[in-house]
Each structure stands twice: as structure tokens, then as C-alpha cells.
Amino acid sequence: MRLDLLIRISAKIFIPFIMVFAFYVQFHGDYGPGGGFQAGVIFAASIILYTIIFGSKKAQKDFPAIVFHSMIPIGVIIFSGTGLLSVFNGYNFLDYDALSHYPKHGQHIGIIAIEIGVFVTVIGAMVSIFYAFVSRGSK
Amino acid sequence: MTEHLPAIQVMIPIVGSLLIMLIRNNTLNWLIGVLSCLSVVFCSITLYSKVAISGAISYAMGGWEPPVGIEYRIDELNALFIVMISLASCIIILYAKNSLNNEIRANKISVFYSMYLLCLAGLIGILSTGDAFNAFVFLEISSLATYIMISIGQDKRALVAAYQYLIMGTIGATLYVIGVGLIFVITGSLNLVDIASRINDIELMRPLYASLAFITVGIALKIALFPLHAWLPNAYAYSPSVGTAFLASTATKVAIYLLLKYLYLVFGYNIIYSNPLFMIVIIALSLAAMFGASIIAIFQSNIKKLFAYSSVAQIGYITLGLGIANYNGLIGSTVHIINHSIIKAAIFLAIGCVVYKTKETSIKKLAGLGRTMPLIATCLTISSISLIGVPGTVGFISKWYLVLGAIEQGWWLVVISLAISSLLALIYVGRVIELIWFHEPEKNIIVIKEKLPKEMVIITIILTLATIYFGIDIRLTADLAKVAVENVLLAGDIL
């Protein structure tokens, strides 16, 4: 199947910007609207766009499904690891005060750490679901 | 570290299940599962002894003090159930390895272990949390894990069963959240202790009743209280044997605890008795479960379905104790949660052994099991007998307290119903026992020729002996339940 030039080029232009916007939403999350979930969905959308344009075979070669499958538990491990880190420092579970000398910095670091966990899990889950649908019947 | 145990005992199985998803090596994953379950058992027993000495423990998640933050609250009652759940899951996962290898596809085994631990984490979370919405989150975690565990079953109908449970479970969870939302609007709090202290000052009764109704019906769907039990028989029948044993001995029990908590600790006597119709409905449904489900069980042709319907009937006994609502009735309920969990684990693990050898769950194929597999047949017989409530078995202890409670209330009709429904249990159990011992075995019934794995036999025997042991020595079941009921449920309207 020949790919439409217009679609292909515009997708190639858009995809990096979508990814950067995902990171903007991710790191802006503790000051304004946004956060790990939204960022994860936007990032996953870029990969889904890539799959739609270039086909599921090429997409799964460039972004293997196993990566996304393992991203789901890894994100939750980051989240729960942050919580357990507080416990090991003698604070309550998920008490971010434990993460720095100054409680306020600790809260900041803690929020970013768990939001990264959410980000990773959401990308993994969204793309895994999409891959599961598009590769149905092809095996 | 011991002050962090409430959080850690939920985190251990979660981390275990994540590691299993990453590693995907079946033997290693089984080991991770066993280790996580063992450490949860250790944590829960330590926590129980701590609670028994110093009273209820409150743990503030993230350092946010209750009622603002999420509180984990461990008292004698839920600490007891956490010990029960963790022990049950530990015993069942020790049994699981060969049974799963035999029953489900090799590439699904890791997923099963992972979901098993995730479900365990969710159940312990429901038990230990003191926050209404957090309980919903854990309810969803455990339910989602359960749907996957059911759908892994070999039979094609497992998918339909899982889907059926998915729909029913989601409706139940939705109703529960609507109820919690109403409570939040009325009281302005999600912390259960805080709600309990504010709820008696509420003057607007209608939304309060509405939330009571929503929460009760929502949880009743999870409990599989008759007539909302439609999902349960299929879910039990088509999931892998290990999954069935796990679900039967833990999942519904935890939902019953949640109902117990809402009725007696959150809403309190004043509200649930301000309208006498409410308790009458609960008692009527319990009696309907005891009779209806037992009668349906008599006509089942699938052994797992038979005992699944018997589970629905036994759940009726437990909710009947809630309805009786005096000292002995509540002890009866609490003890029956524990005892029924032991019995059903024993029965379904024994059935798991049969399935391992014969690959059949049809009741007719059980004929002559006493000759082909005498040890397992004996275990199945003894644990089924304790389901009826024969003296000297665990079933008798719980029914004894229920009967005492009903007599104290002067409800002779309920006492008679308890006796009659035990007779119904005798019929469906008798049908199984008659087939096992007094019929000729069919030819070529044993598909797998090699011997049963040792650990499967040993664990089935241990659980069967437990159904007798706890029927004689009640220090670990009824006495602890008494302490829990005295200190928690009857400690007044407020926690």
C-alpha cells in the first residue's frame, strides 16, 4: 500500500511535538493543570498516531509491544517504591517529607516521582490496549 | 518498622505481583508468590498480636492525619480477618503450582499468580482501610484481578462467566460509590470513624436511608447475597480450581466484612433500626438464600457449581447472623466467615485434586471415587459433612452460635429454618457422598496416570483436618471472634 505523502509528512512533523507536549504537561503538572495521566495519554496518542499512519506491523517493530507490557508494572514500581522509600526513612507510607532535608522540597520531589510512575504506567496501558485491538486476528 | 505494618502488608503483595509481571518465569514466579504470601502472614499475625495488646491502630497514609487523609485502621475484627485471608491465600498458593500447570496454558500462569497477589492486596486493603472511597478503590482492584483470574480458566465458558461477573461487579461498585457520594454530601467526610461520629446528628433522614440502601445493595452484589448471586456459580465453576478455592475462601468474605462495618460501625444501630423493615429484608433474603440456593444445589450436575450454590446458601447463614444482630448472632456470623472459608478451601482444593486426575467436573464422573482416589474422597467427604454442621466439625460451631442468637431473640421460625436448611445441605452433600462411596467407578475415568503431586494431597489433608480441629478447639476461631465482637461491634454506636 502506498502511503499518502501529505499524511505521512504531517504525521512525522506532528509526532515529536506531541511527545514534547506530553512532557510539558508532565512536568507542568505540579504547578498547573496536567500530570502523569494526561501526559501519558498524550504520549500514547503519538504512538497510536504512528501506528495508524504506518500500520501495526511497522509500529510494533519500531515500538515493540513487550516494552509497553513491561512499562505497566515498572510505573507502579516507581510509585510504590517512592512510598516505600519514605517508610525506610522512618516516615509514613508515601509521606514525601522524607525525601529531602526540607519538607517542602521533599513534597516537590515526591510529587514528580509518583507522577513519573503514573506517566510510565499510563503509556504502557494505553498502547498495550491499542496494540491488543489492532493485532486481533492477525496472528 | 512495626508501626508501618498496616501499609506494608498491603504493599508486599502489590510489589510481588508487579515483579511477577516483569519476570514471567513460572517456577520463579510461584516462589515470589509463596514468599509474598508468607511475609503477609507474618505481618498480619504480628499486627494481630499488637492490636490484641494495645487496641485499635490508626495509620495515616502519607502523613496526612485523619479525617483529612486516608486512614488505615486495624482493630481486633479486621486484624482477625486479615490473618484469615493471608493464611488462606498462603495455603492455596502452596498448593497451586502443579494444579495450575495442569489446568491452564503455560503462558497464562504468570498472569494468574500476578492477579492472585493483586487480588490479595485489594482484599487486605478493603479490610484495613478506614476510608470510604479508598475501600471502593481496593474493591475495584480486587474485583478486576478476580475477573482476570476467572477468565483464565480453560473452559470457553470461563470468558462468559468473567464477563457476567464484570457487569454485575461494576454495577455493584457503582451503587456503592453512589451511596458513598450521598454520605459525603450529608456528612462532609469520607473517613468512616468521622462519618460514624457525625451521622447521628443528621436530621435529614431520606438521603441517609438512600445511601444506606445503595451501599447495602452494592455490597450485596459483591457478596452474592440471594437474589443477586447470579454471577457466582458460573464464576466458581469455570475458573481454575485454585482460583475457585481462593475466591470462595476470601473474596465474598471480605465483602461481608465491609457490609458488617457499614451496618454496625458507620451507620450504627440507631439508624439501621429506625426502620424495622430494613433488617426484616436482610433476614428474609438470608432465609431465601439458605433455602433457595440449597434447593438449586441439589439439582446441579457440575460438582463445582453444586458447591458454588452451597456457598450462596452459606452466605445466607452469615448475613442471617447480621440480621439477628445480638451478641451470639454476630459471633455466629464472624465465626462462620472463618469456618466457611476453611471448609470451602478444603472442598475446592479436594475437587482440584480430582480435576487434576480426571479433567472432569461433572458430578456423575465422581462415581466410585472412594475406590480410585480413597484419600481425596475421604477429605471431600469430611469437609462436605462439616458443611452440613455435624457436631465435631467447624460447621457445627457457627450454626450453634446462630441458633443461640435466634433463640435469644425468640425467633423460633428462624431456628426451625436453620434446621431445615441444614437438612437440605444434607441432601446435596449426601448425593455427592453416595456417588463417591456406593457406586462403581466408570472405566477410563483417570486421565492422568501419574500420582498426584505430594503437596496437593498434603495441603488438602491439612485443611480437612483443620475442619475437624477447629470444630473441637475453638480458641483460635470462636474465642477470637468473641473478643472482636465485644471490643469492636458492640463497643457502642461509635467505633
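Author: Two residues are in contact if their C-beta atoms, placed from the backbone, lie within 7 Å. This is a predicted model, where local features need pLDDT of at least 70, side-chain atom pairs count only at pLDDT 80 or more, and totals for chains, interfaces and linings use all residues. Residues are numbered from 1 along each chain as its sequence is written, while chains are lettered from A and ligands numbered from 1 in the order in which they are written.

Reader: How many residues of chain B are in contact with chain A?

Author: 14 residues of chain B touch 13 residues of chain A. On the chain B side, α1(B) gives the most, with eight residues. Helices are DSSP runs of H or I, at least four residues, numbered from the N terminus.

Reader: Which classes do the residues on that side of chain B fall into?

Author: Eleven are nonpolar, three polar and none charged. Ala, Val, Leu, Ile, Met, Phe, Trp, Tyr, Cys and Pro count as nonpolar, Asp, Glu, Lys and Arg as charged, and the others, Gly among them, as polar.

Reader: What makes α1(B) roughly antiparallel to α2(B)?

Author: Their axes, lines fitted to C-alpha atoms over the stretch in contact, cross at roughly 180 degrees. Angles over 145 count as roughly antiparallel, so α1(B) is roughly antiparallel to α2(B).

How values were computed:
Helices (H or I, at least four residues) and strands (E, at least two) are DSSP runs, numbered from the N terminus. Axes are lines fitted to C-alpha atoms, for helices over the stretch in contact, and angles run from 0 to 180 degrees between N-to-C directions. Angles under 35 degrees count as roughly parallel, over 145 as roughly antiparallel, 65 to 115 as roughly perpendicular and the rest as oblique.
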